[in-house]
Amino acid sequence: MNLALKDIRHGLFRFVLTCFGLGLLMTVVLAMIGIYNGLVADALAVVKAPAAEVWVVEAGTKGPFAEASSIP
């Protein structure tokens, strides 16, 4: 413990800069997790909102949410 305190006193700027970097890293990781969870929740809400039992999609299209399709 004494060695750590001596090192902090010797390189205080380096210690503060390292703490700032680690704090910034944790902030970015938490933001990425929040954005991902938001995207998943939004995608599930869009799919579950119509409460459809069967999806009918025109052949050759990418699906009901990616592009429009018309079935005569």
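This is a predicted model: local features need pLDDT of at least 70, side-chain atom pairs count only at pLDDT 80 or more; totals for chains, interfaces and linings use all residues.
Reader: Is Thr 61 buried, partly exposed or exposed?
Author: Buried would need under 20% relative accessible area, and exposed over 50%. Thr 61 has 22% relative accessibility, so the residue counts as partly exposed.

Reader: Which residues does Thr 61 touch, leaving out those up to four places away in sequence?
Author: A touch here needs heavy atoms within 4.5 Å. With residues up to four places away set aside, the partners of Thr 61 are Glu 67 and Ser 69.

Reader: How far apart in space are Val 57 and Ile 71, C-alpha to C-alpha?
Author: Val 57 also lies in the segment after H2. Beyond four places in sequence, Val 57 touches Gly 63, Pro 64, Ser 69 and Ile 71. Val 57 and Ile 71 are separated by 14 residues in sequence, while their C-alpha atoms are separated by 7.7 Å.

Reader: Is Phe 13 buried or exposed?
Author: Phe 13 belongs to helix H2. Together with Leu 17, Phe 20, Leu 24, Val 28 and Met 32, Phe 13 makes a nonpolar surface patch of about 680 Å². The cut-off for exposed is over 50%. Phe 13 has a relative accessible area of 66%, so this residue is exposed.

Reader: How far apart are the end C-alpha atoms of residues 12-36?
Author: An unreviewed UniProt entry lists residues 12-36 as "transmembrane region". In the model, that stretch is 100% helix and 0% strand. Its end C-alpha atoms are separated by 36 Å.

Technical notes
Residues are numbered from 1 along each chain as its sequence is written. Side-chain values use heavy atoms; hydrogens and water are left out. Buried means under 20% relative accessible area, exposed over 50%, partly exposed in between (1.4 Å probe, protein chains only). Patches are made of residues with over 30% relative accessible area and no salt bridge: like charges are joined within 9 Å, nonpolar side chains (Val, Leu, Ile, Met, Phe, Trp, Tyr) within 5 Å. Accessible areas come from the Shrake-Rupley method with a 1.4 Å probe; for residues, only the protein chains shown count as cover. A salt bridge is a side-chain nitrogen of Lys or Arg within 4 Å of a carboxyl oxygen of Asp or Glu. Helices (H or I, at least four residues) and strands (E, at least two) are DSSP runs, numbered from the N terminus. UniProt positions are given in the numbering used here, feature names are shortened, and annotations may be inferred rather than shown by experiment.
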